[in-house]
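Okay, thanks for coming, everyone. Let me put the structure up and we'll walk through a few bits of it together.

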Amino acid sequence: YRPEALEAHFGDGESEGMRIRYVVDPHPLGTAGAIKNAQSLLDGPDGLLAGLGQGALFLDCTSGDPDTTRRIGERLAPLGIEFADAPVSGGTNGAEAGTLTVMVGGTEETFRRARPILDCFGRRVEHMGPLGAGHAMKAVNNALLAVNVLAVGEGLAALVKSGISARKAVEVLNASSGRSFVSEYLVPQRVLTRLWPLTFRLALLDKDARIATGEIPLGLAREV
């Protein structure tokens, strides 16, 4: 994130009424467990609700499903807690540089209140619509990413079997209409170099794709 952006809005972090609560869940999030764990963070003596009071702002930057997000919002509203889903895209590099894309679901008022915080780590912060809209956008984005990874992988495998070098195929592809984020960035930086950096778990991409296609109960596709 960009610490200077945080300081510009909140000073040294000791301003009246400002408190940031960090929650770390040591359990890995798999396809089925991610949504359950997101909800479980609310309860218990060390849960979020133990430290949030009326007037608090709760921003969910995980990749959840829209229906669960709306149900959490319904639970928090009577407590006077403002809530918005604000998943991000841009990877670990974007997080470190503070250049993430942030997709926000919630009321206009909540979005305006959250904007200074989200600007600290987001280059593009967009209000997508009502509560759950951010998670809907993220799920479809990652489903399309998954489709692209599969398509580019199969295409390059076919080209290599046809006698074309993988590097030459990628170079020409990226100068043609079939190029994409996967071919322009992921393949050159990770596949051709054989570096394979650990930046995003496949289980999380699978979970997001299942939300988009409706394989997870109450997934996005079931609403269409």
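So, what kind of unit do E1, helix H3 and E2 make? They form a β-α-β unit that is right-handed, meaning that with the strands pointing away from you, the path from the first strand over the helix to the second runs clockwise. H3 covers residues 66-76. Helices (H or I, at least four residues) and strands (E, at least two) are DSSP runs, numbered from the N terminus.

Quick caveat: this is a predicted model, where local features need pLDDT of at least 70, side-chain atom pairs count only at pLDDT 80 or more, and totals for chains, interfaces and linings use all residues. Residues are numbered from 1 along each chain as its sequence is written, and side-chain values use heavy atoms, with hydrogens and water left out.

Back to E1 and E2: they're parallel, with 4 bridges, and strands count as paired if DSSP finds at least two bridges between them. Leucine 59 sits opposite alanine 84 of E2.

Now the aromatics. The whole structure has 2 aromatic pairs, where ring centres of Phe, Tyr or Trp (its six-membered ring) lie within 6.5 Å; planes under 30 degrees apart are stacked, over 60 edge-to-face, the rest tilted. Phenylalanine 58 and phenylalanine 83 make a tilted one, 5.0 Å centre to centre with 40° between the planes. Phenylalanine 58 belongs to E1 (residues 57-60) and phenylalanine 83 to E2 (residues 82-85), 25 residues apart.

Further along, E4 (residues 100-105) and E5 (residues 122-129) also run parallel, joined by 6 bridges. Here valine 102 faces valine 125 in E5. Getting from E4 to E5, the chain goes through helix H5 (residues 108-118), and that β-α-β crossover is right-handed.
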